[in-house]
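Student: Please show the structure, and let us discuss it by question and answer.

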Amino acid sequence: MNLFSLIGDFSTFFFRSLFIPWKIRTSKGRILEQVYSIGIGSLPIIIIIAAFTGLVSTVQATYQMIGTVPRYIIGTTVGRMVLIELGPILTALMVSGRCASSMAAEIGTMRVTEQIDALEIMAIDPYRFLSLPRIVGTFISLPVLTIFAEFVALACGAVYAHYFLNIPFSVFSYGIIHFFSMRDFLGGLVKSLFFSIVIGASGCYFGFIVKGGAKEVGRAATYAVVTASILILVLDFLVAVVIFG
Amino acid sequence: MVKQIKATFVGIFIIVGIILFVLLYTWFSGRLGLRNTYDVVVMFDDVLGLRIGDPVMVYGMEKGKVKDLKIDQNKIKSVLAINRDIVIPGDSKISIKSISMLGADRYVKIVPGSSDKTASVYYGTGGGLDLEGFGAQLDSLMLVIKNFKLGDFDLNKIATKLTRDMNRNLKILTEAVQGPAEKIEHLSVRLDSLTALLSGDGTVGKLIKSDELYEEVRQTNQALKSLIEDIKENPQKYINIKVF
C-alpha cells in the first residue's frame, strides 16, 4: 500500500464513518462509554502532564528572561505558550498515545477474530457501531481535557511563580490578562477539535484494516499512534497558519 | 446501574470543563477583579490604543480597570470600573498615558479635583506620549518645508536677504547712535562732578546746606527792610543834601 492509496483509503474510511445516518438514540450509550473511557480515563495523566508543563515552562521562562524584561512578561509568556501550543498539543499527543492505540488494538482484535464480519452479517453497520462513537467521543472529550490541562498548567505555573520565583500572583495574572486575546484561547480549542478527529479516525482506521494475527494487531496500534502524532503536528501547523498566520 | 454512574461521571466531567472554560475566560479577560466596583463613564476624543482590562491609576495607584470601550458619536465612550473606596470629583483630570515609550501599554490617569460633586459623564483627554501622531506631524512639517523650496519663493534665499538687510540696518543704526552716545557720556560725567560739588563740603555745598546762613540772610533782610522804611519816613536823618 503506497502513500497515496493510504491517504485515499483513510479519507474514504473517515467519510464512511461520519457521513452516515446517525442513529443518536442507539449510538448514545456507546458515545457515552467512549467519553467516559477517553475523557475521564485520561484525566489523571492529563492533570499530571499539565501540572509539570506549567511548572517547567514557568521555570524556563524565568530562567531565560528574568532581569531583562518586566516580571509580568513571565506570565504573558507562560500564558500564551500554554494556551496556544502546549495545552492543546501535549493533551492531544497524550490522548493519541493512550487512546488511539487502544482503539486500534480493540478494533483490530475484533477484525482478526471476525467479530466485525459477524456484525455485518447481523446487518449492523460496523462503521456506525464501532468507529462513529469513538470519533465523536474523542471529539467531545479532547476540548474538555484541553481546558483542564490549560487551567491546571497555568494554576501550577502561577503558584510556583508566587512562592518560589518572587513573582506575585497578581503580577503573573496581569501579564496573562494584559496580552490576552480571545483568538489565542479559542484558537487552542479549535486546534483540539481538529486533533480529536485525527486521533479517533486514525485509531479506528488502523484497527479496521488489520489482516492477520496478533502481530498485525500490535503493528496497527503502533501505526495508529504514529500517524495520529504526525497528523497532529501537521494540522497544528496548518491551523496556526490559518488562525495566527 | 453501572451505565447510570458512568453517565453521571461524564456529565460532571463536561460540566466541570464548561465551568473551567468560563473561569479561564473571566480570568484572562480581566473581569475577575471587577467585583466591588462601580462604573464611571468617560468620553475621550482618542484613546490611543487603550484596551479593555488596562489599569486605571488614581495618583499612580491602580484603583480600577477599563471595562468597556465603544464609539459613540465621534467620541469614544469608555466605561471604567473603579473601586468603591474611590470617589472621582466632577472636575477631575482624566487622561490616557503610556506606561513605556515603546509598545502599546496604556493606562488611564486620574488626578481627582476638588469639587464636592461627581459627574454623570466625565471628559478625558488623550494625553500621553503619542509617538505615532508626532511622527505624522513631523512628516507633514517636512512636506511643508519641501513645498517652500519647490514653490515660487525660496525660503533660504529670503532668509539670506533678510539677514543681509538686517545687518546693514544695524550698522547704520549703530553709526547714528555713536555721536550722541559720546555726548551723553560727557554729560553724564559732568553731571556726576556737579553732584559731587553740590553735596560736598565746598563753599557751594555749605551755601546750599547751611541753616545758619539762611537765618542770617533773613535777619539781614528784615533789618534792611526796617532801615528802608525808616529812611522813607525820615529822609533828612540820613540824607543831607547841601548845596553850597
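**The interface and a bent helix**

Tutor: In this predicted model, the side chains of Glu33(A) and Lys6(B) meet in a salt bridge, with 2.6 Å from N to O.

Student: How many salt bridges are counted between chain A and chain B?

Tutor: A salt bridge requires a side-chain nitrogen of Lys or Arg within 4 Å of a carboxyl oxygen of Asp or Glu. The pair Glu33(A) and Lys6(B), at 2.6 Å, meets in such a bridge. Between chain A and chain B the count is one.

Student: Which element gives the largest share of the side of chain A that touches chain B?

Tutor: The elements that each give two or more residues to this side are α2, α3, α5, α6 and α7 of chain A. The largest share, nine residues, comes from α5(A).

Student: What area do chain A and chain B bury between them?

Tutor: On the side of chain A that touches chain B, the residues divide into 24 nonpolar, five polar and two charged. Of the area buried between the chains, 81% lies on carbon and sulfur atoms. The total is about 2,600 Å².

Student: Where in α2(A) does a kink lie?

Tutor: The 42 residues of α2(A) would reach 62 Å as a straight helix at 1.5 Å a residue, yet the end C-alpha atoms are only 52 Å apart. A kink of about 45 degrees lies in this helix, shortly before the proline Pro44(A). The residue at the kink is Leu43(A).

Notes:
Residues numbered from 1 in each chain as written. Chains lettered and ligands numbered in written order. Predicted model: local features only at pLDDT ≥ 70, side-chain atom pairs only at ≥ 80, totals over all residues. Heavy atoms only, no water. Buried area = accessible area lost by both parts, 1.4 Å probe. Helix = DSSP H or I, 4+ residues; strand = E, 2+ residues; numbered from the N terminus. Nonpolar A, V, L, I, M, F, W, Y, C, P; charged D, E, K, R; others polar. Expected span 1.5 Å × (residues − 1). Bend = angle between axes of the 7 residues up to and from the residue.
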